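Me: I have a model open and would like to learn how to read it feature by feature. Please take me through it.

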Amino acid sequence: MGYAAKMALACPVAAAQTATDLLDAPQAAIGAAEALLGRPLAADCGDPVTGEIVPLAAVTDNGPAMKSVAAARWFAARAHLTHARTRRRSPHTNGAVERWTEPLKYEHLYREDIPSGVEPADHAADFIDEHNHIRPHEAPHRKRPPDAHLDDPTPKHNPPETEQNS
């Protein structure tokens, strides 16, 4: 269901591109996910039968900050996460993020005069709320991401609205 109802958890805005600045994004996303789940994210990454940890893949770009020792240490300290970087010169492999940032830029940032460095963070927070709670999604039954992800995961039988006579 993750591809049907993509939920934005965090979009920190930083003036620099150091590993510390960039690692604020997954840390903020983990905090938002844990607040939404009501439990630690690591607890949600265990196989219910075996108890084995099934790590979530965090896909990032291939920039120097994400190839740094600090990033490697950050991911290594979290057994419930695995780090995958996109291939060099392959921006299409990071398409989901690119499709998310495009409306943020064109519908929020480029339409406003931004007099200070603080305002892009405010616009990003507004866009996350709009993306998760207002914008229509392709999720099953047109649910917003929080509803689609927090519903009972038990598959439900959805009979077709009309049936052909054979």
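This is a predicted model: local features need pLDDT of at least 70, side-chain atom pairs count only at pLDDT 80 or more; totals for chains, interfaces and linings use all residues.

Me: Where do I begin, and in what order do the elements of the chain run?

Reply: Begin with the count and the order of elements. The chain has 5 helices and 2 strands. Read from the N terminus, the order is α-β-α-β-α-α-α.

Me: How many residues are in the chain, and what share of them is buried?

Reply: The chain has 166 residues, and 24% of them are buried. Its accessible surface is about 11,700 Å², with 53% of that belonging to carbon and sulfur atoms. For contacts, look at sequence separation: of those with a separation of 6 or more, 57% join residues 24 or more positions apart.

Me: How do I check the length of a helix, and what span should α1 have?

Reply: Compare the distance between the end C-alpha atoms with the span expected at 1.5 Å a residue. For the 19 residues of α1 that span is 27 Å, and the end C-alpha atoms are 27 Å apart, so the two agree. Helix α4, residues 119-133, has 15 residues and reaches 21 Å from its first C-alpha to its last, close to the 21 Å expected.

Me: Which residues of α4 are buried?

Reply: They are Pro120, His123, Ala124, Phe127, Ile128, His131 and Asn132. Viewed down the axis of α4, these buried residues fall within an arc of 155 degrees, so they line one face of the helix.

Me: What do the buried residues of α1 pack against?

Reply: The buried residues in α1 are Ala19, Leu23, Pro26, Ile30 and Ala33. They pack against α2 and β2 (81-85). Just after α1 comes Gly38, with a positive phi of about 80 degrees.

Me: Which residues form the largest nonpolar core?

Reply: That core has 10 residues: Leu23, Ile30, Ala33, Leu41, Ala58, Met66, Ala71, Trp74, Phe75 and Leu81. To place a core, ask which elements supply it; here α1 (19-37) and α2 (69-76) are the ones that give two or more residues. Ala33 is in contact with Leu9 and Leu41, leaving aside neighbours within four places in sequence. A second, separate core has 5 residues, among them Ala8, Trp100, Leu104 and Phe127.

Me: What does Leu109 touch?

Reply: Leu109 is found in helix α3, residues 95-109. Not counting residues up to four places away in sequence, Leu109 touches Leu104, Ile114, Pro120 and His123.

Me: How far apart are Pro145 and Lys6 in sequence and in space?

Reply: Read the two separations side by side. Pro145 and Lys6 are 139 residues apart in sequence and 6.2 Å apart in space, C-alpha to C-alpha. Pro145 is in helix α5, residues 145-150. With a relative accessible area of 0%, Pro145 counts as buried, because the cut-off for buried is under 20%.

Me: How many disulfides does the structure hold?

Reply: A disulfide is a covalent bond between the sulfur atoms of two cysteines. The structure holds 0 disulfides.

Me: Are Cys11 and Cys45 buried or partly exposed?

Reply: Cys11 counts as partly exposed, at 23% relative accessibility, whereas Cys45 counts as buried, at 4%.

Terms used. Residues are numbered from 1 along each chain as its sequence is written. Side-chain values use heavy atoms; hydrogens and water are left out. Helices (H or I, at least four residues) and strands (E, at least two) are DSSP runs, numbered from the N terminus. The expected span of a helix is 1.5 Å times one less than its number of residues. Buried means under 20% relative accessible area, exposed over 50%, partly exposed in between (1.4 Å probe, protein chains only). The arc is that of the directions from the helix axis to the C-beta atoms. A nonpolar core is a set of buried Ala, Val, Leu, Ile, Met, Phe, Trp, Tyr and Cys residues joined through side-chain atoms within 4.5 Å. Contact means heavy atoms within 4.5 Å. Accessible areas come from the Shrake-Rupley method with a 1.4 Å probe; for residues, only the protein chains shown count as cover. A disulfide is a pair of cysteine sulfur atoms within 2.5 Å.
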